[in-house]
Amino acid sequence: MRYSQYLLATLKETPADAEIISHQLMLRAGMIRKVAAGIYNYLPFGLRAVRKVEEIVRQEMERAGALELLMPMVVPAELWQESQRWEQYGKELLRLKDRKDTEFCLGPTHEEVVTDVVRNTVRSYRQLPLNLYQIQTKFRDEIRPRFGLMRGREFIMKDAYSFDLDEAGADIAYEKMFQAYRRIFERCGLKFRAVEADTGNIGGSSSHEFMVLAESGEDAIVSCDSCEYAANVEKAELVATATATPEPTADLQQVATPGQKSVAEVTDFLDLTPQQLVKTLILQTDDGQTVAVLLRGDRELNDIKLCRLLDCNEVTLASEEVVLQVTGAPSGFAGPVGLKLRLLADHEVAAMADFIVGANVVDSHYMGVNLRRDFTVETFADLRLSVAGDPCPRCAGQLESWRGIEVGHIFKLGTKYSEALGATVLDDQGKDRMLFMGCYGIGIGRTVASAIEQNHDDNGIVFPLPIAPFQVLITVVNTKDEAVLQASEDLYQALQQAGIEVLLDDRDERAGSKFKDADLLGIPLRLTVGSRGLKEEMVELQRRSDGERTMLPLAEAAQRLAEQVRQALVR
C-alpha cells in the first residue's frame, strides 16, 4: 500500500477527551474516529489490525472444531422473554420497536438466539458435540462509555456456544476453548493470564477471564509465583491459616477515641497498627438482611464472596440511620461486643487476639478484645479481597498482584438456557435430554486496544508483529531523488511478491515528519532508503520494539526481511 494513496490521517496533538493511552494513540494514529459516545468508525489502518485478530481467532476456532455462523444483531424480545432476561438485564439492553410495534433489542450477547437455532435444528445426540461461533457487532448501552474501544457501546465480539449431551462433554468443550484462547492470545503476541472469575449476569457454574497485563487495566488480579493458579481478586480463593484461636493475654478495656473513626485515625491515636484492629461493617442485602461482617483493619471486603455466602445479589453499607439504630452509635464506632446482629467474620479474624474494635458508643473503642470470651461469631468464611503475598490456594507459592484488561471470558452455562428455551435432543434410548451449554467471548477491538496499552512508548504504538496493520514500513527519505525512489519501489514490489504486508511512505514530506509518523504508527519493521546508504548499496533496518538498527545490502534486504517476518509468524 502506498501512503500517498491511503486514508491515514495522523494527529500531532492528543484529543482532550482521550483518557487512556490506547484511546489517545488509536486516534492519533488514524485507526478510529468517534461517531457518538461509545461508537466509533474503524478507519482502514485500524480495521487492518482488527482483521488480523479476527483471522487468528477464526483459525483457532476452527482448529478447536467450532463452526462459524452469523446471527442477527436485532433480536426479537420474545426470545429474551423466554429466558427471563428481558426484565433482568437492565438498561444496558437497548430496546426498540418496529413499525408494527413489535419489541426487539440490539443483541449484547446471543445465548438466546443460538439456543433457538439449535432447538430448531439439532434433533439427535448423534449431532453432538456442537460448537457454533460468530464474529458480530454487539451493543450494550453503557451508562458511561469511555476509554475508546475499551468500554464502548457498540463493539465487535467473537462469541461461541457449545452444546453437549452431558456435563462431562461440556467439560471437554470448555477445556478445548480454554486452550484455544491461550493459543489466540499467545499468537497475538500478548502477555496475559487466564484467571478464575465470577459468572456475573451470564450465569453458569464457573468461568475464566483472559486478562492482558497492563498498568492501566481496570481489573485487579493475582497469580501464583510457583504454579499456574490465577484469579480475579474478587474470585481468588484464600486459605484459612489459623489452626486455633489464640488465648487472651489482655483484659477488655474501653478507651476514649474522640473523633477518631477510620482505621488509620484510631490506630494512629492508640499508637497501634491496622493489623491489630478488627473493623465491623454493618451491611444490608437486596433481600432485606442486615448483618455485621468482621475484617482485619487493613483488609477490604469482597462483596461477591459475601453475596455468595448470604445467597443474595447485592450488599451495600448500611445507612447512617440504620447503623445508629442497630449499634447505638454513629458509623466508625461499631463493634461486635454486645451487638445484636448476625455476626460473620473473615478467616483471618480467627487467628487474632487482644485486638481493637468499636465499642458501639460514640467516641469510644474497646482494646484487649478476644473471640469467645467477649463475643461469638456465627460463621467464619473467606470474605476479603486477595492481595500480593497471600498464600496460593493450590501450592506452597505466594500470590503476586497485577492489573489486567479483560479481553476474553469463558463460561460453563450448564442447562440454564436450554431449560428456559426447551432445547433438547433424543439420546440413544430415545429419551429427551436437556443440552449442556458453554459460552465463550472475545472482544476483538478491545484486544487491539489492549495490545496498544501493553505495547507502546513515549513516541507511539509498538505493535506485536502478528496483529500489526502492516509488517514493514519503507520510508523514502527523499522522493525527489530518482535513485532513492526507484530503490524504494523495487523493495516495495519484492516484499509484496514475497507475501509481506508493506506500507510505502512515498509522501513528499520532510524525513523528520515521516520518522515521527513511523514511530506513532508502530509498524514492527522499518526500512529507511536514503541517498547516503545507497552510495554503498545499503538500506537501514530498524526494529520498532527496541530501536535496534542494522544495515542490510540492498540486493538482499527484501529476502532477509521476508524471512524474518515468516519466522516470527510460525505458529
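A polar contact is a pair of N or O atoms within 3.5 Å; within protein, one atom must be able to donate a hydrogen and the other to accept it, and residues adjacent in sequence count only if both atoms are side-chain atoms. This is a predicted model, in which local features need pLDDT of at least 70 and side-chain atom pairs count only at pLDDT 80 or more, while totals for chains, interfaces and linings use all residues. Residues are numbered from 1 along each chain as its sequence is written, and side-chain values use heavy atoms, with hydrogens and water left out.

**The whole protein**

Start with everything shown. The C-alpha atoms fill a box of roughly 90 × 70 × 50 Å, taken along the principal axes. There are 15 helices and 31 strands; helices (H or I, at least four residues) and strands (E, at least two) are DSSP runs, numbered from the N terminus. Of the 571 residues, 53% are buried. Here buried means under 20% relative accessible area, exposed over 50%, and partly exposed in between (1.4 Å probe, protein chains only).

**His 409**

Select His 409, which is in strand 21 (residues 399-414). With a relative accessible area of 12%, His 409 is buried. Show its side chain: a polar contact of 3.2 Å links it to the side chain of Ser 207, and another polar contact of 3.2 Å links it to the side chain of Glu 406.

**Strands 9 and 10**

Go next to strand 10 (residues 206-213), which runs antiparallel to strand 9 and is joined to it by six bridges. Two strands pair if DSSP finds at least two bridges between them. Strand 9 (residues 192-197) is largely enclosed by the rest of the structure, because five of its six residues are buried.

**Gln 454**

Select Gln 454 in helix 11 (residues 444-454). Gln 454 counts as buried, at 18% relative accessibility. A polar atom of its side chain lies 2.7 Å from the backbone oxygen of Lys 191.

**Helix 6**

Now select residues 167-187, helix 6. At 1.5 Å a residue, its 21 residues should span 30 Å, and its end C-alpha atoms are 30 Å apart, which agrees. The expected span is 1.5 Å times one less than the number of residues. Buried residues in helix 6 include Ala 173, Met 177, Ala 180 and Ile 184. An α-helix has 3.6 residues a turn, so residues three or four places apart point the same way. Gly 189, which follows helix 6, has a positive phi, near 80°.

**Helices 12 and 15**

Show helix 12 (residues 482-497) with helix 15 (residues 554-568): they pack at an angle of about 30°, and their axes are 9 Å apart. That makes helix 12 roughly parallel to helix 15; angles under 35 degrees count as roughly parallel. Axes are lines fitted to C-alpha atoms, for helices over the stretch in contact, and angles run from 0 to 180 degrees between N-to-C directions.

**Backbone stops**

Most residues other than glycine have a negative phi, and most peptide bonds are trans. Select Gln 84 in the loop between helix 3 (77-83) and helix 4 (85-88); its phi is positive, near 70°. Asp 311, in the loop between helix 8 (303-310) and strand 16 (315-317), has a positive phi of about 55°. Asp 311 is exposed, with a relative accessible area of 67%. End at Pro 129, in the loop between helix 5 (111-119) and strand 7 (130-139). The peptide bond from Leu 128 to Pro 129 is cis, with omega near 0°.

Definitions and conventions: Parallel < 35°, antiparallel > 145°, perpendicular 65-115°, else oblique.
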